[in-house]
Amino acid sequence: MNKLRITREFSFEMAHFLPGYNGPCRNIHGHSFRLFVTVAGIPSVKEQTSSFGMVMDFQQLKKVVNREIIDKYDHALMVKQGCMDEKAKAYTGFDNIIEVPYQPTSENMIIAFAETVKDKLPDNVSLFSIKLFETAASAVEWYSDDQ
């Protein structure tokens, strides 16, 4: 059997800032993120199933990624834990602030995304890679082979 890879593209809008960074990204700013999630597996040979000939139904992959990433982070403000007290949170006017235990760089985000998604996939597929574009010209990549 041939092992194949399938990829699905997603997009979301999110703001963040990088405390301690020596540049403009230390201020709150937003990005139009593009996320490519690739899984690998062997296409199903079970003719009596709806997934016959598929590595994974694209809709199933969409549901996993939407539930675990897009629905949580779209139109959110991501901040490093401890960087905003309750007064600062109230002052921003944001009601979707996500605190994370890491500096909210794309590099750290993709590691967290990979850990989340790989545990939610069906047993017959594995997470192969994730590519996250922060801007149209800047991306970070995660590959399972590198881990």
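This tour moves through aromatic pairs, charges over rings and salt bridges, one selection at a time.

The model is predicted, so local features need pLDDT of at least 70 and side-chain atom pairs count only at pLDDT 80 or more, while totals for chains, interfaces and linings use all residues. Residues are numbered from 1 along each chain as its sequence is written, and side-chain values use heavy atoms, with hydrogens and water left out.

**Aromatic rings**

A pair of aromatic rings is described by the distance of the centres and the angle of the planes. Here rings of Phe, Tyr and Trp (its six-membered ring) pair if their centres lie within 6.5 Å; planes under 30 degrees apart count as stacked, over 60 as edge-to-face and the rest as tilted. The structure contains five aromatic pairs.

Select F12 and F113 to begin. Their ring centres are 6.2 Å apart and their planes stand at 70 degrees, so this pair is edge-to-face. F12 belongs to strand β1 (residues 4–16) and F113 to helix α3 (residues 106–118), and the pair links distant parts of the chain, 101 residues apart. Helices (H or I, at least four residues) and strands (E, at least two) are DSSP runs, numbered from the N terminus. F12 is buried at 1% relative accessibility, and F113 is buried with a relative accessible area of 1%. Buried means under 20% relative accessible area, exposed over 50%, and partly exposed in between (1.4 Å probe, protein chains only).

Y73 lies in helix α1 (residues 58–73) and F113 in helix α3, so the pair ties together parts that are 40 residues apart in sequence. Y73 and F113 are both buried.

**Charges over rings**

Next, select R5 with F128. The charged end of R5 sits over the F128 ring, 3.9 Å from its centre. The criterion is that NZ of Lys or CZ of Arg is within 6 Å of the ring centre and within 35 degrees of the ring normal. Then select R34 with F133, where the charged end of R34 sits over the ring at 5.2 Å from its centre.

**Salt bridges**

Side chains of opposite charge can pair when their charged atoms come close. A salt bridge is counted when a side-chain nitrogen of Lys or Arg is within 4 Å of a carboxyl oxygen of Asp or Glu, and the count comes to four.

E9 is partly exposed, with a relative accessible area of 43%, and R34 is partly exposed at 32% relative accessibility.

Finally, select E68 with R67 and K72. E68 meets R67 in a salt bridge of 2.9 Å, N to O. E68 also forms a salt bridge with K72, with the closest N and O atoms 3.8 Å apart. E68 and K72 are four residues apart in helix α1, so about one helical turn separates them. Shared partners join R67, E68 and K72 into one salt-bridge network.
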